[in-house]
Amino acid sequence: MPITCDDSDGGDDYYTKGSVKVIAEGISDIDDDTCVNDYSLAEQSCVKGQQKTTMFSCEYGCSNGACVKV
């Protein structure tokens, strides 16, 4: 069974909270974009069908899993 990866915010969108759903061997796992601290975001995305986590520094702060817009 192939691995599938679906990103609710369409990729590296640092200003929209999203989640990645990965299904492998009939088991699904969901990981949300999360603030690591007040200015750092752990952004979840899919690259070539695989989950990827990117650390991003939010210039104006991080709140509720997304960077704050000015």
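# A tour of the disulfides and sheets

Counting the bonded cysteines along the chain, the disulfides of this protein follow the pattern 1-3, 2-5, 4-6. Here a disulfide is a pair of cysteine sulfur atoms within 2.5 Å, and by this rule the count comes to three disulfides. The model is predicted, and local features need pLDDT of at least 70, side-chain atom pairs count only at pLDDT 80 or more, and totals for chains, interfaces and linings use all residues. Residues are numbered from 1 along each chain as its sequence is written, and side-chain values use heavy atoms, with hydrogens and water left out.

**First stop: the sheet of β1, β2 and β3**

Select residues 4–7, which form strand β1, then 19–24 for β2 and 27–32 for β3. Strands (E, at least two residues) are DSSP runs, as are helices (H or I, at least four), and they are numbered from the N terminus. These three strands form an open sheet in the order β1-β2-β3, with antiparallel pairing; two strands pair if DSSP finds at least two bridges between them. The edges of this sheet are β1 and β3, each with a single partner strand, so one side of each is left without a neighbour in the sheet. On average, neighbouring strands of the sheet are turned by 15° against each other, direction ignored. Such angles are taken between N-to-C directions and run from 0 to 180 degrees, the axes being lines fitted to C-alpha atoms (for helices, over the stretch in contact).

Stay on β1 and β2, which pair in the antiparallel sense over four bridges. Within this pairing, display Cys5 and look across to β2: Val22 stands opposite.

**Second stop: from Cys5 to the other sheet**

Which residue is joined to Cys5 by a disulfide? The partner is Cys46, with an S to S distance of 2.0 Å. This link connects distant parts of the chain, from Cys5 in β1 to Cys46 in β5, 41 residues apart. The torsion about the S-S bond is -80°, and the link of Cys5 and Cys46 is left-handed. Colouring by accessibility shows Cys46 as partly exposed, with a relative accessible area of 25%. On this scale buried means under 20% relative accessible area, exposed over 50%, and partly exposed in between, computed with a 1.4 Å probe on protein chains only.

Together they make an open sheet of three strands in the order β4-β5-β6, with antiparallel pairing. Neighbouring strands here are turned by 35° against each other on average, direction ignored.

A hairpin connects β4 to β5 through two residues, and Asn37 stands opposite Ser40 in β5.

Cys35 in β4 and Cys62 in strand β7 (residues 62–63) lie in distant parts of the chain, 27 residues apart. Because the torsion about their S-S bond is about -85°, this disulfide is left-handed. Are the two ends buried or partly exposed? Cys35 is partly exposed, with a relative accessible area of 28%, whereas Cys62 is buried, at 11%.

Now select Cys58 and Cys67, whose sulfur atoms are 2.0 Å apart in a disulfide. With -65° about the S-S bond, this link is left-handed. Both Cys58 and Cys67 are buried.

**Last stop: an aromatic pair**

How many aromatic pairs does the structure hold? There is one aromatic pair, and selecting Tyr14 and Phe56 displays the two rings, stacked at 3.7 Å centre to centre with 5° between the planes. Rings of Phe, Tyr and Trp (its six-membered ring) pair if their centres lie within 6.5 Å; planes under 30 degrees apart count as stacked, over 60 as edge-to-face and the rest as tilted. The pair links distant parts of the chain, with Tyr14 in the loop between β1 and β2 and Phe56 in strand β6, 42 residues apart. Tyr14 is buried, with a relative accessible area of 17%, while Phe56 is partly exposed, at 24%.
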